[in-house]
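Here is a short walk through the model on display. Have it open while you read.

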Amino acid sequence: MIEFRGVTKTYNAGQPAVEDLDLEIGEGEIVALVGTSGCGKTTTLKMVNRMVEPDRGEVRVQGKSVMEMDPISLRRSIGYVIQEIGLFPHWRVAANIEAVPKLLGWEAGRRMERRDALLRMVGLEPSAYASKYPDELSGGQRQRVGFARALAADPSILLMDEPFGALDPITRRRLRAELGSLCRQLKKTVLFVTHDPVEALLLGDRIAVMDAGRLCQVGTPRQIRGQPASELVRELMTIEAPA
Amino acid sequence: MILSTVLRLTLQHLLLVALSTTASVLVGIPAGILLTRNERFARPALAFANILQTIPSLALFGLLIPLPFLGGLGTRTAIVALILYALLPIVRNTYTGIRSIDRALSETATALGMTDLQRLRSVELPLALPVIFAGIRIATVIGVGTATIAAAIGAGGLGELIFRGLAMVDNRLILAGALPAAALALLLDAALHRVESALTQRRHRQEVQ
């Protein structure tokens, strides 16, 4: 589904942000990218939809190298969720969700139908929320809308960058459970970035731990917790007791 | 008689400002957009526009006179000079307005699969509009003031009364030119302010809540 083969990316002749990365994400699999800030996890994510282009190696999506695909249609075929800020503040919830279908040229009726179905799916009543602006929503609601937007054109792949990063702990926990099971239900292939070990352990079928641009370990939550490949992996995956 | 003269010169003045500001908008906004796409040129280009702004207007009018095509005595030269003055606030505000949009938003637009043009039209320009519009307002108000000096090279406008009043040491004549000019500046500022809030109504509505 998504394959990285010997991928290296260096910004402005510095230390490589990602170095010699090999990783495969299977169909319907949910993989968490974990690591400290600056470890290259967001760069890795962005190479899937060609927001960032690799210097060496190859990124393949559904068997095809992304460098041979048209970046615009590639991006429209992949769902993308970032922290709540990604909603367009001058657009209503409806327009935000319909963004990709509109780019794809769906007619208005089909777009509306899809939008209402998605709003219900993420637990927001269409009649109450479709015509609101993002700043009239709570953080959790905004994140739901962002998630609905990513699903709008029914992509088989979802990329998420710290999707629950900006939420309070209670909302985060609820949304994590809800949207996580939704991903699984819909059989989406998901690659998501987080620095929260709990999130990675709960949502990921597998976890890829990165440090300084390199992959330290890939494995199931059980493997990562049971046999951490290094002290760093152990430390990154340590769950702090609630204070 | 004097009233009809004031009226005629006011209209002439308005025309000078309208023509030059419109031209500046047509050139300045695309230029500002291009600068956001070519960061390397942004700094030198804005510095150059800044320098243009510091040339005393009387000197600029004078400097333009000997130039072929652009120069000479009269309206055309005045409009060229006024365009040069109006350019900086418009280019700078367009550039800054787009640049100050949250990076995450432009990035999201790209990630959703918008082309550069779609992103510009549906995300960057609408969000930068208040800042761009503020630039147009500044340019217009500056233009009304600078256009009074255009009379020095025979371009007409309310400056004619002011220069005549200065020459004849007649305060009433000076005021007959200066007061309508001030009124014109205030009026245009208010009018553009209204257009601006109409255009950004939705965002205003949000801020009120």
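How much accessible surface does chain B have, and what share of that surface belongs to carbon and sulfur atoms? The total comes to about 10,900 Å², and 70% of that belongs to carbon and sulfur atoms. Areas here come from the Shrake-Rupley method with a 1.4 Å probe, and for residues only the protein chains shown count as cover.

## Ground rules

This is a predicted model, where local features need pLDDT of at least 70 and side-chain atom pairs count only at pLDDT 80 or more, while totals for chains, interfaces and linings use all residues. Residues are numbered from 1 along each chain as its sequence is written, chains are lettered from A and ligands numbered from 1 in the order in which they are written, and side-chain values use heavy atoms, with hydrogens and water left out.

Along its principal axes, the C-alpha trace of chain B spans about 65 × 45 × 20 Å.

Of the 209 residues in chain B, 47% are buried. Buried means under 20% relative accessible area, exposed means over 50%, and partly exposed is in between, using a 1.4 Å probe and protein chains only. Take the contacts in chain B with a separation of 6 or more: 72% of them are between residues 24 or more positions apart (contact means heavy atoms within 4.5 Å). As for charge, chain B has 17 positive and 10 negative charges, with mean positions 3 Å apart. Lys and Arg count as positive and Asp and Glu as negative, with His and the chain ends not counted; each charge is placed at NZ of Lys, CZ of Arg, CG of Asp or CD of Glu.

Chain A is divided into domain 1 (1-77 + 157-243) and domain 2 (86-155), with bounds from an automatic or database domain assignment. The C-alpha centres of the two domains lie 25 Å apart. Their contact takes 16 residues from domain 1 and 15 residues from domain 2.

The largest nonpolar core has 40 residues, and those with the most contacts inside it are Ile97(A), Phe147(A), Ile207(A) and Met237(A). Such a core is a set of buried Ala, Val, Leu, Ile, Met, Phe, Trp, Tyr and Cys residues joined through side-chain atoms within 4.5 Å. Helix H7 (residues 139-151) of chain A gives the largest share of this core, five residues, and each of domain 1 and domain 2 of chain A supplies at least three. Apart from this core lies another, of 32 residues, including Val31(A), Leu33(A), Leu74(A) and Ile82(A).

## Buried spots worth a click

Leu118(A) sits in helix H5 (residues 108-121) of chain A and counts as buried because its relative accessibility is 0%. Setting aside residues up to four places away in sequence, Leu118(A) touches Ile97(A), Ala148(A), Leu151(A) and Ala152(A).

Lys46(A), in helix H1 (residues 41-48) of chain A, is buried too, at 14% relative accessibility. Beyond residues up to four places away in sequence, Lys46(A) touches Met51(A), Val52(A), Tyr80(A) and, over in the other chain, Glu107(B). Glu29(A) lies in the loop between strand S2 (16-25) and strand S3 (30-35) of chain A and is buried, with a relative accessible area of 15%.

## Loops and positive phi

Most residues other than glycine have a negative phi. Which way does the phi of Glu162(A) go, positive or negative? Glu162(A) has a positive phi of about 45° although it is not a glycine. Glu162(A) is in the loop between strand S7 (157-161) and helix H8 (169-185) of chain A, and is buried at 11% relative accessibility. Pro163(A) is found in the loop between S7 and H8 as well and is buried, with a relative accessible area of 2%.

Lys187(A), another non-glycine, has a positive phi of about 55°. Lys187(A) is in the loop between H8 and strand S8 (189-194) of chain A, and counts as exposed because its relative accessibility is 65%.

Key:
Helices (H or I, at least four residues) and strands (E, at least two) are DSSP runs, numbered from the N terminus.
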